Amino acid sequence: MKSYKLYFLIAMAVALPIQAAELATFDEVRKQYQTYGDGTRLSYLYNRCAALQLNVSALLLRKGQKKGAQDFESVAQHYMVLSEANEREIDKKRGMKSKDTMKTVNRAVANVSEVYSKRMKDNFAKRGDYLIGDVQLEAELAECNLPEAFKKKAVAD
């Protein structure tokens, strides 16, 4: 009996960091933005798309698909510019002067990119594919591939 309790506690201790590292769905983040008017949530969405696009770009580059990699990198840059503009607007509303906003965006994208990279590697180890079979990543990539529609959906009421 005691071994079952110990096993349960160990399993819970291992599962908690995994759950904490999971990414909220775009819909959950959009709901936070729309409910609270928290502009940082909008930047986070843009950063997520940039990070995902950069990860796909890196995959394509490793496969020798330079044109496809450049296309994804261009979309990532677009999202980073959107995030930078949003951060500047937030600073303006707060009466702050924006400093090194793109550096801040780059750091945020790099952090999220690491989470995506780990998830994609885990997917590959489990399924033999980085994206296919991961419903959330497939949906996010489909949304992120359409920046203007994504932006409209993010700010819609």
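A residue counts as buried under 20% relative accessible area, as exposed over 50%, and as partly exposed in between, with a 1.4 Å probe and protein chains only. By that rule, 34% of the 157 residues of the protein are buried. This is a predicted model: local features need pLDDT of at least 70, side-chain atom pairs count only at pLDDT 80 or more, and totals for chains, interfaces and linings use all residues. Residues are numbered from 1 along each chain as its sequence is written, and side-chain values use heavy atoms, without hydrogens and water.

Start with the overall fold. The protein has 7 helices and 0 strands; helices (H or I, at least four residues) and strands (E, at least two) are DSSP runs, numbered from the N terminus. Along the sequence the pattern reads α-α-α-α-α-α-α. A contact means heavy atoms within 4.5 Å. Among contacts with a separation of 6 or more, 63% join residues 24 or more positions apart. The accessible surface is about 10,200 Å², and carbon and sulfur atoms hold 58% of that surface. Such areas come from the Shrake-Rupley method with a 1.4 Å probe, and for residues only the protein chains shown count as cover.

Now take helix H4, residues 66-93. Its 28 residues should span 40 Å at 1.5 Å a residue, and its end C-alpha atoms are 41 Å apart, which agrees. The expected span is 1.5 Å times one less than the number of residues. Buried residues of H4 include Ala69, Phe72, Tyr79, Met80, Leu82 and Ile90. Glu84, Glu87 and Asp91 are also buried in H4. The buried residues of H4 pack against H3 (39-62), H5 (101-127), H6 (135-144) and H7 (147-155).

Two helix pairs deserve a look. The axes of H3 and H4 come within 8 Å and cross at roughly 165 degrees. That makes H3 roughly antiparallel to H4, a label for angles over 145 degrees. H5 and H6 pack at about 130 degrees, with axes 11 Å apart. These two helices are therefore oblique to each other. In H5, Tyr116, Arg119, Met120 and Asn123 meet Gln136, Leu137 and Glu140 in H6. Axes are lines fitted to C-alpha atoms, for helices over the stretch in contact, and angles run from 0 to 180 degrees between N-to-C directions.

Asp100 lies in the loop between H4 and H5. Most residues other than glycine have a negative phi. Asp100 has a positive phi of about 45 degrees, although it is not a glycine.

Key. Angles under 35 degrees count as roughly parallel, over 145 as roughly antiparallel, 65 to 115 as roughly perpendicular and the rest as oblique.
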